Amino acid sequence: MNKQLWAALLTGAAVSIQAAGDLEDLRGLILTNAKLPLYNKQVLQSMVFCDKAERQGKLVVGQNVVLDLVRRTADVDEIKDGWGVKFYPLGAKLPEIFNFWKGRLYSEGVMFTPRADIEQETKMAAGGEPVYFRSPVIDLDGVGFEADLDKKTILVKSDVRIVLRMGGSDPRKLFEAGAKLPPKYEYMTATSDSMLIDMNNNQILLIGNVRVDEENSGVDCDRMTIFIDRRSDQELAGANRTAPVNAGDTLEGVSRILCDGNVVVSRKLTAEEAKEGDQKAFADHMVYDVKTASVTLTGEEKKNPRVIRGQESLTGQRIVMFREEQRATVTGDCEILVIQEPENPGDKPGVMKVNSDIAQMDYRNNYSDFIGNVKVDEPRMTLECDKMRVTLRELASGPAVESVGDTASLSGLPDFGTTGGKRELDKIKCSGRVKMVRKDDAGKLMPDQKAEASFADFNYADRTVRMYGGEPKLTRGLEEMSGRELLIWINEERLAAKEESKIVLCSAPAEGAKEQAPSQTVITSDESDLNYGGNSLVFTGNVQVRDPRMILDCDRMELVMMPRESVAKAEKKDPAKKADELGGASESKFLSKVICTGNVHAVEDRMDLKTDKLTLLFRELPPGTVVEPGMFQSNGTQLTKILCDGRVVMVNQPDPDAEKKSAEARPGALSGMFGNSKSARTLKSGHAVVDMLKNESEFHEKVEMVDDQGTLKCEDMFVYAEKSAPAAAQTAAKSAAKPHSPDLPPDDDGFAVEESGSEVPERIELAEGLELSRILCLKDVELTRRTKTGEVQRAGGQKADYVVADKKIIMTGDDREKPWMSASGGRLKGKRIIVYVDSERMEVDGGTQVDFSNGINFPAN
């Protein structure tokens with residue numbers, strides 16, 4: 001045995017077992033304060049200190065063993081003795097940790113255990129006692145270990161508890177010149193069933209029931225791998241040429257953390273936050289990149305990772321969250337569930353689901369982008385587009401405040417509690433093949449009620465949706481609205497079209513009508529504003545209405561709505577009821593008035609009307625009442641009055657097939673003013689009123705009616721009609737009275753001059769079931785007609801009364817002037833002037849006066 005060794009045993013001095021030449025000679029050798037250096041290719045890797053070491057075969061059994069894993073370039077003379085070293089407790093404060101490592105710049109980690117078996121040849125060590133490991137990055141307590149000192153691996157078998165320091169809390173960074181203790185000690189704690197430390201591969205592996213806990217969150221998983229960055233030998237050599245390399249230069253700290261199997265990330269919530277529900281993430285795999293402060297969640301076998309916040313959730317094939325930047329990215333099968341607050345007290349919250357290929361959320365800048373096959377599904381509608389941006393805004397509590405210092409976090413979950421006040425929806429911008437489809441009250445899609453455009457912008461502040469590009473269009477069944485740009489006020493029941501407005505309306509045929517196809521009305525204009533909530537639908541600029549029953553042009557048209565009586569009663573009984581519950585905005589109201597202004601031009605069948613202003617008045621009908629639909633009316637409404645103001649010009653064209661059409665044509669809005677004539681008839685006035693209920697018409701201010709037979713002028717004209725007798729009764733009465741002329745139309749011109757003895761109809765039909773009964777003219781009345789021979793006959797007075805059944809016109813005067821008649825330049829005056837419409841005869845009745853100033857020729861009898 002080596003004499004030097006015997007001397008060491010006698011003096012009790014520390015000795016390096018490496019110096020022994022023959023291990024068999026050392027069997028049973030017991031040393032105190034033993035020091036065992038371990039080399040690999042002549043490079044010192046670790047130093048073992050034992051209060052007591054006993055040689056048992058190939059093993060060295062140590063008591064109170066300290067294992068010091070030194071850095072590669074450490075000088076053996078720098079290494080402190082490990083006997084009696086005091087480890088700081090797990091969870092110690094940063095100043096205590098700093099003081100411990102201040103004198104150990106050479107070390108990468110130190111382990112202590114009450115007993116360890118060390119095999120010098122294989123450089124293996126093991127023990128079943130509690131084990132304590134401390135390093136600049138990680139501190140560990142556990143029970144039982146196995147260590148490969150050559151490979152620098154340590155397996156802690158059970159009851160693992162660790163503290164992992166993050167970022168600026170690495171004590172090695174505090175040794176640099178001018179460095180100070182950070183204001184906040186950042187670390188996380190972890191527990192697991194077992195743990196493997198691999199210093200050569202810069203990994204720490206936690207296995208079984210892993211639980212990580214940090215200040216704001218916690219992580220549970222089956223397995224966790226912690227990666228430590230280490231600078232290469234080449235980098236260290238290059239750095240050492242310019243300046244001495246510090247201990248902190250060898251290890252860069254934690255670079256990545258991998259979690260596998262049943263990963264659950266939980267945010268710690270305040271009592272106020274907890275009211276809104278848990279904030280958690282679920283995945284099969286999670287990667288935390290310390291350098292980018294990003295957390296990546298993935299799944300297996302179509303089990304996508306999921307992040308929840310209360311009842312809201314986010315899922316996708318891959319979820320990446322950047323905590324410091326307060327943003328997240330989701331790729332593949334992205335789905336977000338959002339709870340919508342109820343619009344009215346007592347209503348249940350709604351659920352909105354958003355799907356897309358990719359989602360990018362920037363919480364710091366308050367926006368989220370959804371890209372590719374975007375679909376939004378909510379209780380009232382669905383939305384599809386290629387791309388959608390959702391923008392949030394800060395509430396009155398103030399803008400987001402960035403947290404101070406390093407904000408690295410293992411969870412990566414956005415910390416809404418420390419990034420400012422609450423947010424609310426501000427804007428949504430959709431682009432590319434935008435399509436919205438409405439749902440019914442039961443949540444079923446209504447494919448015939450939709451909106452389409454290239455772009456759509458939703459503004460939450462004023463609750464509007466702006467649709468533009470690609471011919472935006474709103475469709476409801478066979479009805480539609482389009483324009484260069486559409487604007488929708490969600491809470492106001494209002495729609496508007498900017499530029500090239502076009503609206504197509506359809507009315508169902510009346511019950512029992514022969515024509516079963518719905519009638520279509522097309523309204524075009526420069527702009528339109530359909531404010532159903534405000535009961536006003538306005539069309540401005542080049543307004544054109546095209547309908548099978550009428551053509552209408554004007555500069556501006558307004559449709560005024562009123563609540564239906566049944567709806568008004570229901571709302572009065574229950575004010576909480578909404579229009580949608582009562583049949584929708586359009587169905588719960590009826591059209592009460594149409595006002596057309598500026599260059600009004602209406603054409604209906606054979607009637608052509610021009611005026612400055614045209615007003616149509618309607619009334620609501622009792623339920624079950626059937627009325628043939630018109631351009632602005634349906635079974636539920638009826639046209640009651642037509643008003644014309646300013647420069648009224650009406651032209652009535654003759655009907656070549658009057659008898660046939662009178663039995664088949666629908667009654668028009670204008671045809672009630674006059675019947676057909678044999679030639680075009682023009683009527684001018686300043687104002688006109690047609691009462692469809694009373695079957696009366698009024699014309700005022702310089703009234704003039706002209707056709708090829710003559711002219712009628714006055715200041716006021718009143719036209720009266722009455723319901724026709726049943727057709728069979730009329731036919732029988734006619735046959736009994738006189739033979740019917742097949743060439744005579746049933747609604748012939750009542751003012752026409754006929755040959756003496758020719759037939760004038762007993763009735764003049766204005767529309768189906770309606771015939772002219774009387775025309776009354778007042779103030780400055782003048783009638784001009786031409787006989788068969790070309791002679792002009794005139795008659796005038798202050799009043800002209802034409803009763804169709806009497807077949808004559810009676811003219812009277814007033815106190816100042818008597819009625820008159822003339823022919824060939826002369827005049828006759830009298831108490832009354834009688835003009836017979838079935839002949840060319842006129843006569844004076846009572847108080848005849850003759851004016852010979854221009855001569856006179858009496859008409860032949």
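Trainee: What do S29 and S30 form, and how many residues sit between them?
Mentor: S29 and S30 form a hairpin with four residues between them, and Asn535 in the turn has a positive phi of about 60°. Strands here are DSSP runs of E with at least two residues, and helices are runs of H or I with at least four, numbered from the N terminus. Do keep in mind that this is a predicted model: local features need pLDDT of at least 70, side-chain atom pairs count only at pLDDT 80 or more, and totals for chains, interfaces and linings use all residues. Residues are numbered from 1 along each chain as its sequence is written, and side-chain values use heavy atoms, with hydrogens and water left out.

Trainee: How many bridges join S29 to S30?
Mentor: Eight, linking residues 519-531 of S29 to residues 536-546 of S30, and the strands run antiparallel. Pairing requires at least two bridges found by DSSP between two strands. Val522, for instance, has Arg546 in S30 as its bridge partner.

Trainee: And which way do S30 and S31 pair?
Mentor: In the antiparallel sense, over nine bridges, with S31 spanning residues 551-563. Val538 is partnered with Glu558 in S31. S30 and S31 form a hairpin too, with four residues between them.

Trainee: Changing topic: which residues of H2 are buried?
Mentor: Leu94, Ile97, Phe98, Phe100 and Trp101, in a helix covering residues 94-102. They lie on the same side of H2 because they cover an arc of only 160° around the axis, taking the directions from the helix axis to the C-beta atoms. Buried means under 20% relative accessible area, exposed over 50% and partly exposed in between, using a 1.4 Å probe and protein chains only.

Trainee: What's on the face turned away from that buried side?
Mentor: The exposed residues Asn99 and Lys102. The cover over the buried residues of H2 includes S4, S5 (124-134), S6 (138-148) and S7 (153-165).

Trainee: Is Ser107 buried or exposed?
Mentor: Ser107 counts as buried because its relative accessibility is 6%. Ser107 is located in S4, residues 107-119. Not counting residues up to four places away in sequence, Ser107 touches Asp68, Leu69, Val70, Trp101 and Pro136, where contact means heavy atoms within 4.5 Å.

Trainee: What about Ser356, buried or exposed?
Mentor: Buried, with a relative accessible area of 5%. Ser356 lies in S19, residues 350-362. Beyond its neighbours within four places in sequence, its contacts include Asp333, Cys334 and Phe370.
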